[in-house]
Amino acid sequence: MMTVRVGIIGPGDVARLHVEALRAGGAEVTAVAGLTRQTAQEFAAEHRIPSAVSGAEALLARCDVDAVVIATPSPMHAAQSLAAVRAGKHVLCEIPGGMSAAESRAVAEACDRTGISVMVAHTLRFADPWMRLRAEISQGSLTVRHLILRRTMLRRSNTSWSGQPRSWNDSILWHHGAHQVDLTLWLLQGERPDSSESTATGVLGAPWEHNGQPMDLGATIRVGEGAIASLSLSYHSTVSVEDALVIAEEATFALSDGMLLRVAPDGLAQPWPLSAEPPKGQPASGTDLMKFAALRAQDAEFVAAIEEGREPRCSIRDVQATMTLLDALAGA
């Protein structure tokens, strides 16, 4: 079987996790491209990557790169995915796959024309607790009535999660909001949701005076005639929260710090632990463990799909319903 050779575009925090995950999945990381050659060289030296270049174009022209991970600022994702597809390179694109449904559709159409795959890093689809719940829902064991998702953090300074300064502002809608919207549709509808079965209403906070970006989001999604989802996000919170309630007729599930707790109607609580090992040198909270394990599973799927000549799970085609609802929320 071929060894998949992967190049990294964007040597930032998440790229570090991808390097480890790709290697664990059997891929060879052959090159990295940065905004400058110096940043790429520093990343390459730290992670034992043979080649470092300046700019995505130089990396896409290399013959020792079969596929790329795009880990650049969000507004660059769609254009760089299109360039990679034209160059014949399979893509794992960090979320979002575009900054609009139209951008995402353009990438999907390019995949249709070329046969090249673009996978989008909606990593929660690969998280063990969510996969277990999705299996029970698809088997008819759970009838979900209400999904409540919360994600709050402090993002007033323009830095990455490791505290490194950056030149672009994150989007609460197209980044963390996209994770929650996609999780809702995938959990309740399946691998390739249909946006015609769902509606979204919501409110974005007023643009913050210091960066011109909305920093808060509240939204409600109705999936067909069944469940609803309530989404709450903030970049203003000094308390970091990432939790969820899945309220079904049969039981309520509470997800917090990577632990899934099942509470039956009679009050009996059954823990559902997650077992995973963190990357070296990384924090080891339950939520971190869940996410690191999910990212490894996601990147392993990307590599396996290339090896087997098939479309990966969570391709750009699979997230069109998500992008449609995000468009609706952007215009709310």
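Modeller: Let's go with the place where two helices touch. From α4, the residues A78, S81, L82 and V85 make contact with E103, A106, V107, A110, C111 and T114 of α5. Sort those residues by class and you get 7 nonpolar, 2 polar and 1 charged. Keep in mind that this is a predicted model.

Now for how the two helices lie. Helix α4 covers residues 77-86 and helix α5 covers residues 101-114; their axes come within 9 Å and cross at roughly 5°. Angles under 35 degrees count as roughly parallel, and α4 and α5 are therefore roughly parallel to each other.

P96 sits in the loop between β5 (90-94) and α5, and the peptide bond leading from I95 to P96 is cis, with omega near 0°. Another loop has its own backbone detail: R48, found between α2 (37-47) and β3 (51-54), has a positive phi near 55° even though R48 isn't a glycine.

S230 belongs to strand β10, residues 228-234. What does S230 touch once its neighbours within four places in sequence are left aside? The answer is H146, L147, I148, L149 and A219.

As for aromatic pairs, searching the whole structure turns up 0 of them.

Finally, zoom out. The protein chain has 9 helices and 14 strands, and its C-alpha atoms fill a box of roughly 60 × 50 × 40 Å along the principal axes. A compact globule of 332 residues would have a radius of gyration near 20 Å, and the protein chain has 19 Å, which agrees. So that's the picture: α4 and α5 running roughly parallel, in a chain whose radius of gyration agrees with that of a compact globule.

Methods:
Residues numbered from 1 in each chain as written. Predicted model: local features only at pLDDT ≥ 70, side-chain atom pairs only at ≥ 80, totals over all residues. Heavy atoms only, no water. Axes fitted to C-alpha atoms, helices over the stretch in contact; angles between N-to-C directions. Helix = DSSP H or I, 4+ residues; strand = E, 2+ residues; numbered from the N terminus. Parallel < 35°, antiparallel > 145°, perpendicular 65-115°, else oblique. Contact = heavy atoms within 4.5 Å. Nonpolar A, V, L, I, M, F, W, Y, C, P; charged D, E, K, R; others polar. Phe/Tyr/Trp six-rings, centres within 6.5 Å; stacked < 30°, edge-to-face > 60°. Rg over C-alpha atoms; globule rule 2.2 N^0.38 Å.
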